[in-house]
Amino acid sequence: PRSPRSARAGGGGGSPDKSHAAALADGPDYHAVASLWFPDRWREDKGGMLHSMVAAAMRGLPQGAMEGAEGGLGEAGPVLEACKSSVITFALLKRLHAVLHKGSAQEAGAGGEEGKKGVDPAAWTAEAESAQGNIIAHEMKVMGQCEELVSLFEEELAPCESLSELFDAAELLHDITPQGDTEAFLQSTLSAPAAVASSPAAARTGAA
């Protein structure tokens, strides 16, 4: 089925949809999916990834879409339509990371100082190769998890009628800043530019 984003992009007429850029190469959705091969980056910056994904999606909101919205951004239909696909993508990625990489490296936040000092291309390569091997080694476990992910999507995430409900159902309230406050998170995201997560290639270029 087509997502709200793809439906808008293919609807024709009006100004071009901007939010679909989140899913293109070098967009935040793309880099979040790529983090399956770079679990250390996920552990260090998954909150930043979620912020970037939501910010990029909200850029596609039509001007004036929030006027008269009752209950704040978290309850507004246009915001849900714009952001639902990206938030669900993040929630499913979070489940996959838990299956593939639990206990395989440092805990969240660890290693952050090393990342600030610079990027070692060899480290990126080693991490990706290790993650690839982990995915292959746990192939059957991943296949089994797929049924659970489909059930999670169909029964808990897709029926959500607001972003506030979606963040709660997806267990993402601890991944936003401030924790547990969906409205404050959305307000700050709406007013801030979307930061594009660094890919290994971009990081290597910047470190050169």
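Helix 4 and helix 8 are included in what covers the buried residues of helix 7 (139–157). The model under discussion is predicted.

**Helix 7**
- The residues of helix 7 that are buried are Val142, Gln145, Leu149, Leu152 and Leu157.
- The cover over these buried residues includes helix 4 and helix 8.

**The largest nonpolar core**
- The largest nonpolar core comprises 36 residues, and those with the most contacts inside it are Val54, Cys83, Val87, Leu163 and Phe167.
- At least two residues of this core are supplied by each of helix 3, helix 4 (77–101), helix 7, helix 8 and helix 9.
- Helix 4 provides the largest share of the core, namely eleven residues.
- As a general matter, nonpolar side chains in soluble globular proteins tend to be buried together.

**Ser162 and Leu163**
- Leu163, one of the core residues with the most contacts inside the core, touches Gly74, Val79, Leu80, Cys83, Val87, Thr182 and Leu186, leaving aside residues up to four places away in sequence.
- Ser162 lies in the loop between helix 7 and helix 8.
- Is Ser162 buried or exposed? Ser162 has a relative accessible area of 5% and is therefore buried, the cut-off for this class being under 20%.
- With residues up to four places away in sequence again not counted, Ser162 touches Gly74, Glu75 and Leu80.

**Helix 9**
- Helix 9 spans residues 182–191, and its buried residues are Thr182, Phe185, Leu186 and Thr189.
- Viewed down the axis of helix 9, these buried residues fall within an arc of 95 degrees, so they line one face of the helix.
- The buried residues of helix 9 pack against helix 3 (39–58) and helix 8 (163–169).

- How many salt bridges does the structure hold? The structure holds four salt bridges.
- Asp40 and Arg43 are three residues apart in helix 3, so about one helical turn separates them.
- Asp40 is partly exposed, with a relative accessible area of 22%, whereas Arg43 is buried at 16%.
- Arg41 forms a salt bridge with Asp45, and their closest N and O atoms are 3.6 Å apart.
- Arg41 and Asp45 are four residues apart in helix 3, about one turn of the helix.
- Asp45 counts as partly exposed, with a relative accessibility of 29%.
- In general, an α-helix has 3.6 residues a turn, so residues three or four places apart point the same way.

**The salt bridge of Asp175 and Lys46**
- A salt bridge links the side chains of Asp175 and Lys46, at 3.5 Å from N to O.
- Asp175 lies in the loop between helix 8 and helix 9 and Lys46 lies in helix 3, so this pair ties together parts that are 129 residues apart in sequence.
- Asp175 is buried, with a relative accessible area of 9%, whereas Lys46 is partly exposed at 22%.

Notes:
Residues numbered from 1 in each chain as written. Predicted model: local features only at pLDDT ≥ 70, side-chain atom pairs only at ≥ 80, totals over all residues. Heavy atoms only, no water. Buried < 20%, exposed > 50% of the residue type's maximum accessible area, 1.4 Å probe, protein only. Arc of directions from axis to C-beta. Contact = heavy atoms within 4.5 Å. Core = buried A, V, L, I, M, F, W, Y, C linked by side-chain atoms within 4.5 Å.
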